[in-house]
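Hi,

Here is the structure I promised to pass on. Please open it and follow along with the notes below.

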Amino acid sequence: MVLARLFPTPSFPPSVLAPARLPNAGPGPTAALLKTLKDNHERSHVFFNYYSFHNHAAHHLLAIWALGASGPLITAAYEDTHLDHMRDAFQAPDHVVISDDNFHDYLGDENYYNAYLDYFHKVVLAPGATTSDILEKYIFSSEYNINDSLASGKQQPEMLNRFVEILIHPLIHAGYGAEFGLPGMLAEGLAQASVHPARATVFVSRLLFSGYPDSQYRPKSHVHALAILSQMLVDSRFWTRSLEKHEFEAMLVSHGELINSYGEMWTCEINSQEDFNRHFEELVWASTLMYGVGSWDGESEEYRADFFTMHIVTSCLFLPSLCAHLSYRSQSLLLRAHFLVSITWWLVRGRPALPLRKFFAAPLAPLPSPAHFKYATTLPGVLPQPAASALLGGDSPHAVAPNVWYPLLQNTIVHPNEHLCKCQRALAHFAVLYGHREAGFMSEALSTSPAISCPDTLLLPALEVPEWEFLDGSVFLRVAWLTGAALGWVRDGEPNTGAWDYQEFERVALERDALEAKMNA
């Protein structure tokens with residue numbers, strides 16, 4: 001009975017800016033979805049190993065269900081790609097029960113995940129409980145962030161900080177709950193946030209909750225997110241080498257105050273739906289460019305499909321669904337926190353350049369690409385052969401692939417990697433929202449953004465300053481195509497390349513631990 005209340009049939013999205021869903025084949029897919037979500041909820045821990053690697057099963061299942069996957073595919077996605085490496089759920093040490101009185105005592109400790117989950121079961125299922133009230137209290141209130149009335153020695157809750165920690169996973173998880181109307185996902189997301197660290201105090205908590213004083217960098221009006229990225233690209237105070245996941249905290253220590261100076265330029269004061277729409281669109285473009293163009297080193301080179309900045313894109317997808325339940329104040333806080341964490345991860349990954357002129361010079365699928373391209377802009381294998389009576393005739397690439405998003409998403413649904421479906425679903429939705437933007441639109445938008453002045457700052461030579469006049473709405477398809485090609489067109493006969501596989505990240509973590517142990521011996 002409780003599980004049925006936690007995981008009812010998914011509801012419609014709460015915002016017109018949230019993704020539409022593709023049709024499923026009758027009731028079977030939804031039955032398979034709910035069965036697997038309930039099993040995962042009871043069976044598995046939020047981390048599947050001891051390196052804070054997240055259980056992505058629910059993300060995977062909901063993403064492919066929303067893309068129209070069949071029941072057997074949903075079941076196979078769960079049983080064949082997740083169950084073999086999950087940690088079993090376990091009770092908290094000493095059978096601790098989380099209550100309002102001891103909520104702060106176990107924050108940041110994954111051993112208490114199930115205790116927090118039990119606590120949030122009661123919260124989400126309480127009579128009259130709403131997603132709005134729950135998020136406002138536990139993520140955005142001063143009481144659960146920087147609470148001046150806490151007893152001495154109690155750690156500050158910093159729940160918004162935790163909500164965007166470790167590649168923004170708690171936001172993503174709770175975002176699924178908000179988008180699909182699933183109290184169980186919301187409870188899991190809040191419990192997940194509770195056991196995450198709060199490493200970004202230097203900006204998320206202090207800048208957004210503690211009345212951080214105006215700095216010399218704060219502009220008189222809002223600076224566009226892409227103008228901020230342009231300035232950060234030439235700021236010599238940031239290093240350009242790529243760091244790893246565990247060095248996120250090192251970036252906060254060494255550059256936290258500098259990141260703050262840029263973060264506060266993005267004022268994001270939301271007082272209407274129009275304000276939200278404008279700021280959300282800025283985040284979509286910034287997120288897509290930091291991951292998609294930042295992962296590209298040229299048409300003949302391997303597409304890096306950066307795992308870390310990819311999460312900026314997948315988390316951005318859920319901002320409309322979450323903000324549909326929030327006050328304007330909390331919407332402002334959430335979008336600012338997302339921007340702060342996003343630019344930090346971009347810096348951690350070496351703040352790669354944005355060579356827009358070269359990126360947009362490539363043919364756009366389904367038009368064929370030159371032979372020297374690393375990734376063809378046509379699909380591998382045997383292609384359909386349209387009849388001569390088809391529109392444009394049988395030889396046109398537009399008749400062979402009338403809408404390249406269809407085969408791209410079909411490959412996504414059957415690909416075993418749980419991150420690909422999340423990324424492609426986000427990019428496809430962003431293409432729906434903003435794919436109509438023509439080249440030159442961003443130059444016009446940036447022309448009204450206040451100039452950024454960083455006194456006494458050495459600027460790097462402008463080797464690859466973004467040429468914004470080349471940016472257009474095809475970027476979402478271009479990035480999705482490169483991502484799909486880099487991970488392998490498995491539906492069309494190519495192997496899974498292994499990119500983004502958890503085994504590779506786990507191997508690196510084990511090697512790092514072994515090296516540290518050897519150095520400390």
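In this predicted model, Ala225, Ile228, Leu229, Met232 and Leu233 of helix α11 meet Phe339, Ile343, Trp346 and Leu347 of helix α16. Contact means heavy atoms within 4.5 Å. By class, this contact has 9 nonpolar, no polar and no charged residues. Ala, Val, Leu, Ile, Met, Phe, Trp, Tyr, Cys and Pro count as nonpolar; Asp, Glu, Lys and Arg count as charged; the others, Gly among them, count as polar.

Helix α11 covers residues 225-233 and helix α16 covers residues 328-348. Helices are DSSP runs (H or I, at least four residues), numbered from the N terminus. The axes of α11 and α16 come within 12 Å and cross at roughly 30°. The two helices are therefore roughly parallel to each other (angles under 35 degrees count as roughly parallel).

Next, helix α8, residues 165-180. α8 has 16 residues and reaches 22 Å from its first C-alpha to its last, close to the 22 Å expected at 1.5 Å a residue. The expected span is 1.5 Å times one less than the number of residues. Of its 16 residues, 16 are buried (under 20% relative accessible area, 1.4 Å probe, protein chains only). Gly181 follows α8, with a positive phi near 65°.

Last, Asn114 in helix α5, residues 113-125. Asn114 is buried, at 16% relative accessible area. Asn114 touches His45, Ala89 and Phe90, leaving out residues up to four places away in sequence.

Two reading notes. Residues are numbered from 1 along each chain as its sequence is written, and side-chain values use heavy atoms, without hydrogens or water. Local features need pLDDT of at least 70 and side-chain atom pairs count only at pLDDT 80 or more, while totals for chains, interfaces and linings use all residues.

Best wishes

Note on methods: Buried < 20%, exposed > 50% of the residue type's maximum accessible area, 1.4 Å probe, protein only. Axes fitted to C-alpha atoms, helices over the stretch in contact; angles between N-to-C directions. Parallel < 35°, antiparallel > 145°, perpendicular 65-115°, else oblique.
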